[in-house]
Structure formats: structure tokens, C-alpha cells
Amino acid sequence: MEITEVRVKLMENSDDRLQAFCSVTFDDCFVVRDLKIIEGSSGPFVAMPSRKMTVHCPRCHCKNHSRAAYCNQCGEQQQDTGVHNDDSRGKLYADIAHPINAECREMIQARVIQQYHVELEYRDQKPSGSFQRQDTVVDEPATVQGPHQGIPQEVAESPLESDDGFVQKDSF
Ligand SMILES: [Zn+2]
């Protein structure tokens, strides 16, 4: 199995440790999205896509974060197993897709970090001669940090263009 494409979307003005979102394509046929590049104490590392674990409230059956103390919906105190360690309410996050051995993890991480550095160099080259770049660039979701905002969809074609002249603006 080979990684045939890595896409990295750098976070603009990232104030926390999250540096980028990325997607990885295997063998030109399977893509995994929402990997994250996190700035760690010993350099950047790759976090696998994950989701927040939820549990159902025993009273109203609404979903809550697995470590919530009270239900978001009805306020009922959530059950505590009585064992006060890190696992008392289970994991807060669970990986959606992940390597199952160290060799694969290192292979993915190496390729992603390599592309991450390429993107960093590219970004550092672009603003040359423009000190006001951050003020002039308005088309990038700089403040959006949600997990589903990382990799933009392919630029959608304008319907006016894709219809190849069939639709004429004047006709409206
Ligand atoms: Zn509830």
C-alpha cells in the first residue's frame, strides 16, 4: 500500500497547537480526511481523524459528551462509575481510521509531515513583498476551526459557466 497523494490545508493565524488539516489518498483509490497536524513539544505530529464519544442520558436519552457531568438537555447528573481515574467515563475521543502498527503510522506521518513542510515553504514564499497579506486575503476561512472545515471541496463550477452559454444572464 502506498500513499499516492497528501493534501495539507494550513490553518491561518493558528493560535493553538492545531497547525493544519490534511487528507491522505492510498493507492489512488481510498482517501482518509480530517487528519490533523499538531504542534507537539518535540515537533509536529499527525493525529488521526477522530470523533467525540457520546453517551446517552439515562433520563432523557439525549447524547452527551462521554465525560459530561450533567446532561445538556435535561440537566440530570450523569452516571459515575465511582472509579475516579482517566477511564471512569471512557475515552473522550476515538479514532475513526488509524494505522494498526508502528511501521504504518511512521509511513503516514513521514509523508504528511513532508508535505506539511512543503506547504509551509510555499506559504512563506508567497507573501514576499507584501507585508499586508493577512489584511488583504479575505477568501480564506481564517477563523473557521471546525473539524469539517479543513479540506475545502473542489472549487465548484459556476452554473453560468458550466452550461456553456445555454443560460444567459440577460434572459433574467
Ligand atoms: Zn438528559
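**Figure 1. Where does Ser50 lie?** Which strand holds Ser50? Ser50 sits in strand E5, which covers residues 50-52. Helices (H or I, at least four residues) and strands (E, at least two) are DSSP runs, numbered from the N terminus. Residues are numbered from 1 along each chain as its sequence is written. Please keep in mind that this is a predicted model, in which local features need pLDDT of at least 70 and side-chain atom pairs count only at pLDDT 80 or more, while totals for chains, interfaces and linings use all residues. Ser50 is partly exposed because 18 other C-beta atoms lie within 10 Å. A residue is called buried if 20 or more other C-beta atoms lie within 10 Å of its own, exposed if 12 or fewer, and partly exposed in between, with C-beta atoms placed from the backbone. Leaving out residues up to four places away in sequence, Ser50 touches Tyr93, Ala94, Asp95 and Ile96. Touching, or being in contact, means that the C-beta atoms of two residues, placed from the backbone, lie within 7 Å. Ser50 and Ile96 are 46 residues apart along the chain, and their C-alpha atoms are separated by 5.0 Å.

**Figure 2. The open sheet of four strands.** Look here for the order E1-E2-E3-E4, with antiparallel pairing. Two strands pair if DSSP finds at least two bridges between them. Strand E1 (3-10) and strand E4 (43-47) stand at the edges with a single partner strand each, so one side of each has no neighbour in the sheet. On average, neighbouring strands of this sheet are turned by 25° against each other, direction ignored. E1 and E2 are joined in the antiparallel sense over seven bridges, and the bridge partner of Ile3 in E2 is Phe26.

**Figure 3. A helix across the sheet.** Helix H1 lies across E1, E2, E3 and E4, and runs at about 45° to E1. Axes are lines fitted to C-alpha atoms, for helices over the stretch in contact, and angles run from 0 to 180 degrees between N-to-C directions. Arg105 is a residue of H1, and counts as partly exposed because it has 15 C-beta neighbours inside 10 Å.

**Figure 4. The largest nonpolar core.** Twelve residues make up this core, among them Val8, Phe21, Leu35 and Tyr116. Strand E2 (18-26), strand E3 (30-40) and helix H1 (102-125) each supply at least two of its residues. E2 gives the largest share, four residues. A nonpolar core is a set of buried Ala, Val, Leu, Ile, Met, Phe, Trp, Tyr and Cys residues joined through C-beta atoms within 7 Å. Ile108 belongs to this core; beyond its neighbours within four places in sequence, Ile108 is in contact with Ile3, Val24, Val46 and Pro99.

Figure 5. In Asp34, phi is near 65°, a positive value in a residue other than glycine. Asp34 is found in strand E3, and is partly exposed because 19 other C-beta atoms lie within 10 Å. Phi of His61, also not a glycine, is likewise positive, near 65°. His61 belongs to the loop between strand E6 (54-56) and strand E7 (63-65). With 10 C-beta neighbours inside 10 Å, His61 counts as exposed.
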